[in-house]
Amino acid sequence: YIWITPEKAGDATYLTEGQEPSWSPDGKEILYIFNNDIWRIPAAGGIPSSVLETPENESWPRFSPDGSQILFTSSEGSRVG
């Protein structure tokens, strides 16, 4: 599960079910793995959207420094997408 915790005291907010979360450079989105595929969700909460669904197992999604690309590993090999 992915939770957002405020910097100051406060309750954590449930965001979505998933693993391996990674923030976008601008802090507005989070990439994560769900069912071995890559998903994204607004950091403020909202509806998740699929980024990549394949028969392979994807993991460790990361935004490029400028946020224009996503790097990840796959059971098929690493690639930039």
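Is Gly27 buried, partly exposed or exposed? At 33% relative accessibility, Gly27 is partly exposed, where buried means under 20% relative accessible area, exposed over 50%, and partly exposed in between (1.4 Å probe, protein chains only).

The model is predicted, so local features need pLDDT of at least 70 and side-chain atom pairs count only at pLDDT 80 or more, while totals for chains, interfaces and linings use all residues. Residues are numbered from 1 along each chain as its sequence is written, and side-chain values use heavy atoms, with hydrogens and water left out.

**View 1. Gly27 in the loop between strand 3 and strand 4**. This loop runs between strand 3 (19-23) and strand 4 (29-34); strands (E, at least two residues) are DSSP runs, numbered from the N terminus. Gly27 and Ile38 are eleven residues apart in sequence, and their C-alpha atoms are 18 Å apart.

**View 2. The surface patch of Tyr1, Trp3 and Tyr14**. Together these three residues have about 420 Å² of accessible area in a nonpolar patch. Accessible areas come from the Shrake-Rupley method with a 1.4 Å probe, and for residues only the protein chains shown count as cover. Like charges are joined within 9 Å, and nonpolar side chains (Val, Leu, Ile, Met, Phe, Trp, Tyr) within 5 Å. Tyr1 lies in the segment before strand 1 (2-4) and is exposed, at a relative accessible area of 65%.

**View 3. The ring pair of Phe34 and Trp39**. Rings of Phe, Tyr and Trp (its six-membered ring) pair if their centres lie within 6.5 Å; planes under 30 degrees apart count as stacked, over 60 as edge-to-face and the rest as tilted. By this rule there are three aromatic pairs. Phe34 and Trp39 have ring centres 6.3 Å apart and planes at 85°, so the pair is edge-to-face. Phe34 is partly exposed, at 26% relative accessibility. Ring pairs also link Tyr1, Trp3 and Tyr14 into a cluster.

**View 4. The largest nonpolar core**. A nonpolar core is a set of buried Ala, Val, Leu, Ile, Met, Phe, Trp, Tyr and Cys residues joined through side-chain atoms within 4.5 Å. The largest has eight residues: Ile2, Ile4, Leu15, Ile30, Tyr32, Trp39, Ile41 and Ala43. Strand 1, strand 4 and strand 5 (37-42) each supply at least two residues of this core. A second, separate core has six residues, including Leu31, Ile33, Phe63 and Ile70.

Key:
Patch = residues over 30% accessible without salt bridge, like charges linked within 9 Å, V, L, I, M, F, W, Y side chains within 5 Å. Salt bridge = Lys/Arg side-chain N within 4 Å of Asp/Glu carboxyl O. Helix = DSSP H or I, 4+ residues; strand = E, 2+ residues; numbered from the N terminus.
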